[in-house]
Amino acid sequence: MVVHAKPAALDQISLVRSAEPGGGAASSSLFPGVPAVDLSGPGAAAAVVDACERFGFFKVAHHGVPARVVDRLESEAAAFFAKPQAEKDASGPANPLGYGSKRIGRNGDTGWLEYLLLAVDHHQAAAAVSKASPVPSSSLRSVVLCWIRPPVRSTQPLFYLLKILACGVCREAVSEYVGAVRGVAARVLEAVAEGLGVAPRDALSGMVSGAASDGVFRVNHYPPCPLLQRLPDSCSVTGFGEHTDPQLVSVLRSNGTPGLQLALRDGRWVPVPPDRDAFFVIVGDSLEVLTNGRLKSVRHRVVANSLKPRVSMIYFAGPAPEQRIAPLPELLGHGEQGAYREFTWGDYKKAAYRSRLGDNRLDPFRRRV
Ligand SMILES: C=C1C[C@]23C[C@@]1(O)CC[C@H]2[C@@]12CC[C@H](O)[C@@](C)(C(=O)O1)[C@H]2[C@@H]3C(=O)O
Ligand SMILES: O=C(O)CCC(=O)C(=O)O
Ligand SMILES: [Fe+2]
């Protein structure tokens, strides 16, 4: 798409063709709207599988996570992003963890956003966190954030710890929130196992709940982009470019600002109406492989808003680095070969971090028939 006179401030940021307003034809025919599932309601397992098969996406209503846990972190995040740029920069650049602005990953992707990207670790960080600044052990619950995981080539993990602590987003608020959304991810994966007839019940949820599991937590802030008003109506500014998430599932919560869009199975994009009270669940590449492609990861993206800031908080439920990711035997017919070659999460993650955001990362692992 050629757009003349792109404002200079958007030089590094790509433009996207907007989804049809209100979902357009796509919403009326193929997309009746984002399915909502009550995880504790009757038929939850079948509803989760149905939504994941059709869209790779649904929202969880009545999730039981107290609003105060969500609100507290949302206001901590807002306070962090409102700080002077130099203070925020002291927690960056994201490599891949820490504070980042406009650059996503290490391979040239950009977007109209700033963010904090943190690793979640259960066993390693407890001592370091409490030594650095003691917090009541009750607030650590089962989750402790690994503020000390160094950038890949750093030889100064402690320095990194201090830089991240300096970012000032309250550890307790993050810990409490991440503990709650990890629970949501586990319940979703239990429902997937039940709905697909996979035993035991924790065959999938266990992968993302263990002490060595590799969860990542991200808070994105998309500032308003008034320059959008100078572009043709059919154009939007990329907030977060289209991609699939590499993990099993992602649990996303946003404020009331629209921007998130989904690709339907036929490639058409539809907007996701924001819902401050719900969690959105996104099927990731690893769950696609584990279910032998019955559930498919979904491409999604965020477009900037001209007037209102968007804040999203996403927990990416990843397994332990050594975890084998291969189609579950229960989902294969007798003697049937899986549709994907096996890999470990560690290898997949390494490859993912060498890829561009929009790449199809599963392609090299698909078996050709
Ligand atoms: C461009 C990239 C950013 C990303 C790592 C990657 O090289 C490709 C996958 C990207 C992604 C998408 C989902 C999550 O936001 C994320 C944290 C992840 O696990 O994979 C990001 C990575 C990132 O921002 O570092
Ligand atoms: O910010 C959002 O709403 C989605 C961002 C996203 O897809 C991601 O961080 O992987
Ligand atoms: Fe994503």
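# Two ligands and their shells

Visitor: Which residue has a polar side-chain atom 2.5 Å from an oxygen atom of ligand 2?
Guide: This is a predicted model, where local features need pLDDT of at least 70, side-chain atom pairs count only at pLDDT 80 or more, and totals for chains, interfaces and linings use all residues. Residues are numbered from 1 along each chain as its sequence is written, chains are lettered from A and ligands numbered from 1 in the order in which they are written, and side-chain values use heavy atoms, leaving out hydrogens and water. A polar contact is a pair of N or O atoms within 3.5 Å (within protein, one must be able to donate a hydrogen and the other to accept it, and residues adjacent in sequence count only if both atoms are side-chain atoms). At 2.5 Å from an oxygen atom of ligand 2, the residue is serine 312.

Visitor: How much of the accessible area of ligand 2 does the protein cover?
Guide: Side chains also reach oxygen atoms of ligand 2 from histidine 300, at 3.0 Å, and from asparagine 220, at 3.2 Å. On its own, ligand 2 has 300 Å² of accessible area, by the Shrake-Rupley method with a 1.4 Å probe. The share that the protein covers is 98%.

Visitor: Which strand gives the most to the shell around ligand 2?
Guide: In all, 13 residues surround ligand 2, where near means a heavy atom within 4 Å. With four residues, the one that gives the most is S14.

Visitor: What percentage of ligand 1 does the protein bury?
Guide: An oxygen atom of ligand 1 is 2.9 Å from a side-chain N or O atom of glutamine 247. Backbone atoms also come to oxygen atoms of ligand 1: alanine 352 at 3.0 Å and serine 355 at 3.0 Å. Taken alone, ligand 1 exposes 480 Å², and the protein buries 99%.

Visitor: Which residue meets the side chain of arginine 294 in a salt bridge?
Guide: A salt bridge here is a side-chain nitrogen of Lys or Arg within 4 Å of a carboxyl oxygen of Asp or Glu, and the structure holds 18 of them. This pair links distant parts of the chain, 241 residues apart: arginine 294 is in the loop between H10 (285-290) and S13 (300-303), and its partner is in helix H2 (residues 44-54). At 2.6 Å, N to O, that partner is glutamate 53.

Conventions
Helices (H or I, at least four residues) and strands (E, at least two) are DSSP runs, numbered from the N terminus.
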